[in-house]
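Good morning, everyone. Please take a look at the model on the screen.

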Amino acid sequence: MPRYDSAVLNGRVVIPFVGAVPCDVGIRDGRIAALADSIASTEADTVVDARDRLVLPGGVDSHFHIGIYRDLATDASSETRSALTGGVTTVISYFRTGQNYLNKSGPYRTIFPEVVAATAGHAYTDFGYHIGVMTTEQLSEVEWLVGEQGVASFKYYMFYKGLNLTSDSTHGSAYTMAETYDLGHLYLLMREVAAAGLRYGKHGRVSLSLHCEQAELIRVFIEEVKRSGPGGLEGYHRSRPPLTEQLSIAEALVLTDATRCPVNLLHLSSAEAVASGARGRRDNPHLDIRLETTVHHLALTHETAGGIVGKVNPPIRTEAHREALWRAVSDGWIDTIVSDHACCAETDKQELWRALPGFGGTALLYPYLFSEGHLRRELPLARIAELASANPARAFGLYPKKGTIAVGSDADLVVLDPRREQVVTPEVLGSAQDFTPFAGMHVRGWPTHTLLRGQPVFQDGRVRGAPQGRYVKRPVALHDGAARGGS
Ligand SMILES: [Zn+2]
């Protein structure tokens with residue numbers, strides 16, 4: 001009788017913070033049960049042969065937007081399929097009340113269960129949610145969200161204030177459906193998150209994510225660019241220049257120091273932003289500051305992103321900024337790399353100022369990092385797995401259930417063929433999005449298998465079976481412990 005439900009044999013297994021080691025992986029009840037020199041194929045019901053391939057921990061794409069522009073359940077289904085295609089097995093998605101998503105406001109006590117219910121049964125990856133606390137009323141729900149609902153991370157948008165919003169002149173309060181969404185609200189939110197961190201932090205990190213762009217400056221630069229150009233994505237970059245990120249990070253870090261709230265500076269897009277974040281961390285060793293950048297900010301410039309379809313906040317910038325971000329990755333300042341996946345349609349991307357910001361790219365997380373990061377820029381394989389899996393799992397309370405290859409961890413694994421070359425098209429990414437700013441990009445290294453809790457859910461270029469993704473309550477040590485105590 002087989003000892004294992006399944007086994008991944010003959011591969012080079014990439015273990016974060018350790019390295020790449022040749023070994024076999026035995027899986028039982030959805031978890032890794034053994035790492036061994038050799039497991040006989042007769043010892044497992046199902047065998048995946050990973051000869052000449054790499055075995056990586058399933059990607060944890062910790063910046064995702066399920067349902068931002070489309071029906072939540074429909075989007076959960078199509079976009080987590082895209083995630084599996086590239087080796088992502090867990091997504092942590094942002095949700096907030098206000099315009100987009102469910103287009104309503106109110107207490108999370110009524111809305112959050114609706115969000116999880118709409119995703120469950122449709123997601124092909126495991127999933128969690130970061131929550132945007134938009135109203136004064138919602139501030140008092142932070143503790144409940146962590147302790148009862150498994151939400152270990154929150155969000156504040158530095159640029160949702162005054163008249164400036166994404167691209168048009170919609171009034172701020174109509175968009176956020178909140179009365180006082182300002183630095184005062186941020187201060188109160190940081191106090192709430194810091195307090196929840198003190199209470200629950202021993203089980204895993206509780207943190208606040210910040211979208212750092214400064215609203216009043218953006219208003220001025222948008223007016224200038226609209227008046228005298230340039231147009232296209234270069235104009236968009238100039239309408240929200242690096243200065244707006246830099247000032248916003250400075251504001252955020254003063255409040256971080258005052259409240260001791262653990263923070264994540266999201267999607268850093270410029271040399272100035274990453275320097276500000278790195279300086280903040282170096283000068284404040286008593287604070288917990290983590291830095292994120294995205295696949296598109298590392299891969300694209302305003303000249304290569306395909307025109308208006310490449311509109312995103314903060315903007316895609318220049319080759320010099322792209323190189324500065326890669327230097328920060330190589331030097332160890334960047335903790336996590338994400339897709340900021342937000343599925344929309346090409347028809348949403350026609351005129352620069354009205355176009356929806358954002359686009360999808362989750363399927364490229366591992367292929368792009370392997371191709372550009374490892375093959376071209378010589379990052380160690382373990383570092384690739386840290387950036388795409390272990391570090392986001394640690395930052396958001398999933399580790400070591402997710403984010404590593406160790407006995408007892410969920411058997412979320414990617415088998416990657418390091419020689420397979422792929423030219424990026426919308427079809428290759430397997431998303432509902434009918435365009436991609438990455439079109440035409442060549443990558444080398446593509447998954448042949450993705451396993452979710454031991455099940456081969458992507459294989460032979462196709463997603464297989466029904467959606468099996470589960471909602472994961474974070475920090476996992478808090479909620480797994482409670483489940484065990486109660487059984
Ligand atoms: Zn985002």
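This is a predicted model: local features need pLDDT of at least 70, side-chain atom pairs count only at pLDDT 80 or more; totals for chains, interfaces and linings use all residues.

Start with strand β1, residues 4-15. How many of its twelve residues are buried? Nine are, so β1 is largely enclosed by the rest of the structure.

Now, which strands does β1 pair with? Take strand β2, residues 19-28. Eight bridges join β1 and β2, and the two run antiparallel. Ile15 stands opposite Gly19 in β2. Together, β1 and β2 make a hairpin, with three residues between them. Look at Phe17 in that turn: its phi is positive, about 65°.

Next, strand β4, residues 44-49. It runs parallel to β1, and five bridges join them. Here Val8 faces Val48 in β4 as its opposite residue.

Then strand β5, residues 54-57. It pairs with β1 over two bridges, again in the parallel sense. The bridge partner of Arg12 is Leu54 in β5.

Now the helices. Find α9, residues 242-259, and α10, residues 271-283. Their axes come within 8 Å and cross at roughly 20°. Angles under 35 degrees count as roughly parallel. So α9 and α10 are roughly parallel to each other. The crossing is right-handed.

What meets what? On the α9 side, the residues are Pro242, Glu245, Gln246, Ile249 and Leu253. On the α10 side, they are Glu272, Ala273, Ser276, Gly277 and Gly280. By class, this contact has four nonpolar, four polar and two charged residues.

Key. Residues are numbered from 1 along each chain as its sequence is written. Side-chain values use heavy atoms; hydrogens and water are left out. Axes are lines fitted to C-alpha atoms, for helices over the stretch in contact, and angles run from 0 to 180 degrees between N-to-C directions. Helices (H or I, at least four residues) and strands (E, at least two) are DSSP runs, numbered from the N terminus. Angles under 35 degrees count as roughly parallel, over 145 as roughly antiparallel, 65 to 115 as roughly perpendicular and the rest as oblique. A crossing is left-handed if the near helix is turned anticlockwise from the far one by less than a right angle, and right-handed if clockwise. Contact means heavy atoms within 4.5 Å. Ala, Val, Leu, Ile, Met, Phe, Trp, Tyr, Cys and Pro count as nonpolar, Asp, Glu, Lys and Arg as charged, and the others, Gly among them, as polar. Buried means under 20% relative accessible area, exposed over 50%, partly exposed in between (1.4 Å probe, protein chains only). Two strands pair if DSSP finds at least two bridges between them.
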